[in-house]
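Here is a short report on one protein chain. Please look over the sequence and the model before reading on.

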Amino acid sequence: MRYDELFLYGVKQLEKAGIAEGKLNARLLLEYVCKTDRNTLLAHPELLVEKEQEKRYVNCIEQRAERIPLQHITGVQEFMGLEFYVNQNVLIPRQDTEILVEEVMPHLHDGMSILDMCTGSGCILISLMQYSNDCAGVGADLSNEALEVAEKNAQRILKEKNIHVKSGFKDLKEAVFPVQNEIRFLQGDLFEALDLGEKTAVKFDIIVSNPPYISTDAIKTLEPEVAVHEPLTALDGGQDGLYFYRRIVKDAKKCLVRGGMLFFEIGFDQKEAVSQLLKETGFIDIETKKDYAGLDRVVFGTFLED
């Protein structure tokens, strides 16, 4: 079958299934299967597609028509100019979350230590480590499966920067944690992941988090790509969506240096509530930033010791 004919087949099937941006999805899947680029459809529409590639493409279109996310089919998602591996165990990195990274960057200086709470695919922490120098990074998550994805991404993306990738507390020396030019992934329920027992308390310059923040009842109203195919534990923020913000704000100050900063991604209607949580806990200079759609997306503040 010709390249353009196969593309039109994909478009027809996805539009019939009610897939938003069916043309874009059909093209991206065709490029994924045939290892082509976006210019091929215009420059070489007559290109004959091999039978095996045609069969793979039809299979990919069928999966997408069943509302399996595009990124789960291709296995990748671009974020902050970097390509991240993703699967059903992590949230797919979204453009709105880039706002969070961009707000952290002006406050992130060489040699600082970063804690990414609820790290998921690791996209936030890895991006911050990629675009800084001599920093120390720790990513914490409840899911071991998510941490495996994050570690895989770190090993590939940060390889050229010679940043060491480690998991758990194996061979951990209390005097050198966090470690410059090292990224470490820890499993646990929020700050329980940092339980060092008798070891020295861990302090960070910056804590960043994109926690679960969708209210429990609202999850069922989401598109199937999210509600069915992305991990529920990374979505469900409790009845009011604020469960994890309360817990993180409460314990974050124990792990921040004086003058350290806490950055959150938030839902569009959570600005006031999260800002108030920070204020009540002793954070100052609280600011909010909007996303590309003009919706409130980031809240951050600075911690000063009591």
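## Model and confidence

This is a predicted model, in which local features need pLDDT of at least 70, side-chain atom pairs count only at pLDDT 80 or more, and totals for chains, interfaces and linings use all residues. Residues are numbered from 1 along each chain as its sequence is written, and side-chain values use heavy atoms, with hydrogens and water left out.

The pLDDT is the predictor's confidence in each residue, from 0 to 100. The chain averages 92, and 94% of the residues score at least 70. Confidence is lowest in strand β5 (residues 164-167), with a mean of 86. It is highest in helix α7 (residues 123-130), at 98.

## Overall fold

The chain holds 11 helices and 10 strands. These are DSSP runs, numbered from the N terminus: helices are H or I with at least four residues, strands are E with at least two. The radius of gyration is 21 Å, close to the 19 Å from the globule rule for 306 residues, so the chain is as compact as a globular protein of that length. The radius is taken over C-alpha atoms, and the rule is 2.2 Å times the number of residues to the power 0.38. Along its principal axes, the C-alpha trace spans about 70 × 40 × 30 Å.

Contact means heavy atoms within 4.5 Å. Among contacts between residues at least 6 apart in sequence, 66% join residues at least 24 apart.

## Burial and charge

Of the 306 residues, 49% are buried. Buried means under 20% relative accessible area, exposed over 50%, and partly exposed in between (1.4 Å probe, protein chains only).

The chain carries 35 positive and 51 negative side chains. Lys and Arg count as positive, Asp and Glu as negative; His and the chain ends are not counted. The centres of the two sets lie 2 Å apart, with each charge placed at NZ of Lys, CZ of Arg, CG of Asp or CD of Glu.

Seven of the eight residues of α7 are buried, so the helix is largely enclosed by the rest of the structure. Among them are Cys123, Leu125 and Met129.

Threonine 119 sits in the loop between β3 (113-117) and α7. Its relative accessibility is 5%, so threonine 119 counts as buried. Beyond neighbours within four places in sequence, threonine 119 contacts Leu125, Gly139, Ala140, Asp141, Leu147 and Phe185.

## Aspartate 4

Aspartate 4 belongs to helix α1 (residues 3-16). Is aspartate 4 buried or exposed? At 19% relative accessibility, aspartate 4 counts as buried. Leaving out residues up to four places away in sequence, aspartate 4 touches Leu41 and Pro45.
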